[in-house]
Amino acid sequence: MKRAFITGIEGQDGSYLTELLLAKNYEVHGIYRRASNGSLTNLRQLQSDPLVFQKTLFLSPADLDDAESIRIPLEQAAPDEIYHLASQSHVGASFEQVEETCRVTGLGALRLLELARKLPKSPRFFHASSSEIFGSPESSPQDETTPVAPVTPYGCAKAFGTQMTRIYRKNFGLFAINGILFNHESPRRGENFVTRKICRAVAAIKAGRQTELVLGDTSAQRDWGHARDYVRGMWLALQHTAPEDFVFATGKLHRVQDIVELAFQAAGLDWQKYVRQEKQFFRPADPRQVVGNPAKAKRVLGWQPEITFEQTIAEMVQAELPA
Ligand code: NAP
Ligand code: F7E
């Protein structure tokens, strides 16, 4: 039985990855940031399953800001594979909390690499990098060779973690991989990300609990996939024979406006009656033309996204509407 160690296990990707690995008969160890109300929403079902919790799934509270809190569960797990997913992952918030983002998202990756390097049995290491490392690139689509030139504090912190991962691979011989992940969504997406914000608002408007939806730049474009496809990519990347970086993306651009129209339509509502834009939600800098070329992941790993943009938004709206 292989053992995996996941940071950010309670996040969107962490929870899907846990399900994937348990289905592949892994023993899964994860760290989560303790919440004051003690709830772990995305892992609730697995936590209440007596055949799984404390049998093949082990959870420990820990904070990326505190290396010692990670070291103990990590050494106990003695993992074959580490998936480093924990991060301050909101780009907009990174403009408000610049230092915290750099500490958690940037330095946090370094702390984990250093802990991993010192384990008696060298594990394979996956770092959740981001298309944000490319900033607003001059050429599209982006691939593993695109220059790193972030324009946001979050992108800069991820660029640091990405380069450190490469340094630990080259200099310390760690089997360390960057998955350069483009946007991916699901009903488990945090509520402040634009897809979930729109889908939640649609359900609230339908139920009469909300009267309008206030957004930032609805002309902004992204390459949006589904989280389930991306965690499969993470696993495939760590099974590869050599440690290399991979772009995971759909290769297709959509506008925020497309999400608005699809989501309101799915609930039988006219978006024009409810949606407006406000400066408060515009970013000081917002990457443009960010679209990935996943050809290497397809060629080398046999990976390709299976869930379409339209299916993703439909699933997200459905999950918000009453059963
Ligand atoms: P997510 O839902 O925000 O999950 C991140 C997890 O990290 C959360 O559970 C969060 O806990 C935890 N965390 C934050 N600060 C922490 C700290 N100081 N110590 C320990 N845990 C901490 O993000 P995701 O969408 O699953 O993404 C997974 C990874 O991929 C992240 O590193 C993200 O930056 C990266 N990524 C995501 C995307 C995407 O489109 N989803 C694209 C590119 C890269 P709290 O809930 O307590 O904050
Ligand atoms: O914004 C625009 C916003 O916050 C998407 C993270 O997972 O992907 C994610 O970062 C777009 C941007 O995601 C609102 O300006 C308009 O252009 O959902 P988002 P993100 O910033 O792309 C990357 C790859 C990551 O690595 C990150 O971890 O939508 N937008 N109006 C809005 N965005 C938000 N959040 N809220 C709005 O009201």
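I started with a backbone contact: a polar backbone atom of Gly-216 lies 2.8 Å from a nitrogen atom of ligand 2. I remind myself here that this is a predicted model.

A polar backbone atom of Ser-89 sits 2.6 Å from an oxygen atom of ligand 2. The side chain of Asp-286 also takes part, with an N or O atom 2.6 Å from an oxygen atom of ligand 2. How much of ligand 2 does the protein bury? I noted 95% of the 700 Å² that ligand 2 exposes when taken alone.

**The shell around ligand 2**

I found 22 residues around ligand 2, and the closest are Ser-89, Ser-130, Lys-197, Arg-283 and Asp-286. By class I have 9 nonpolar, 7 polar and 6 charged residues in this shell. Which domains supply the shell around ligand 2? I see at least three residues drawn from each of domain 1 and domain 2.

**The two domains**

That sent me to the domain bounds. Domain 1 covers 3–185 + 227–248, and domain 2 covers 194–222 + 253–290 + 307–320. I get 27 Å between their centres, taken over C-alpha atoms. In the contact I find 18 residues from domain 1 and 14 residues from domain 2.

I looked up the buried area next. About 1,200 Å² is buried between domain 1 and domain 2, and carbon and sulfur atoms give 55% of it. Which residues of domain 1 lose the most area to domain 2? My entry reads Phe-95, Glu-185 and Arg-228, which together make up 33% of what that side buries.

**Ligand 1**

On to the other ligand. I have 24 residues around ligand 1, and Asp-13, Arg-33, Leu-85, Ser-89 and Tyr-154 come nearest.

A backbone N or O atom of Asp-13 is 2.8 Å from an oxygen atom of ligand 1. A backbone N or O atom of Leu-64 is 2.9 Å from a nitrogen atom of ligand 1. From the side chain of Arg-189, an N or O atom lies 3.2 Å from an oxygen atom of ligand 1. On its own ligand 1 has 890 Å² of accessible area, and the protein covers 85% of that.

Which elements give two or more residues to the shell around ligand 1? I listed helix H1 (12–23), strand S5 (124–130) and helix H6 (153–172). S5 gives the most, with 3 residues. By class, I count 9 nonpolar, 9 polar and 6 charged residues around ligand 1.

I finished with the backbone. Most residues other than glycine have a negative phi, and most peptide bonds are trans. I found an exception of each kind. Ser-140 and Pro-141 are joined by a cis peptide bond, with omega about -5 degrees. I placed Pro-141 in the loop between S5 and H6.

Gln-54 has a positive phi of about 70 degrees, although it is not a glycine. Where is Gln-54? I found Gln-54 in the loop between helix H2 (44–47) and strand S3 (57–61).

Conventions
Residues are numbered from 1 along each chain as its sequence is written. Chains are lettered from A and ligands numbered from 1 in the order in which they are written. This is a predicted model: local features need pLDDT of at least 70, side-chain atom pairs count only at pLDDT 80 or more; totals for chains, interfaces and linings use all residues. Side-chain values use heavy atoms; hydrogens and water are left out. A residue is near a molecule or strand if one of its heavy atoms lies within 4 Å of it. A polar contact is a pair of N or O atoms within 3.5 Å; within protein, one must be able to donate a hydrogen and the other to accept it, and residues adjacent in sequence count only if both atoms are side-chain atoms. Accessible areas come from the Shrake-Rupley method with a 1.4 Å probe; for residues, only the protein chains shown count as cover. Helices (H or I, at least four residues) and strands (E, at least two) are DSSP runs, numbered from the N terminus. Ala, Val, Leu, Ile, Met, Phe, Trp, Tyr, Cys and Pro count as nonpolar, Asp, Glu, Lys and Arg as charged, and the others, Gly among them, as polar. Domain bounds come from an automatic or database domain assignment. Contact means heavy atoms within 4.5 Å. Buried area is the accessible area (1.4 Å probe) that two parts lose on being put together, summed over both.
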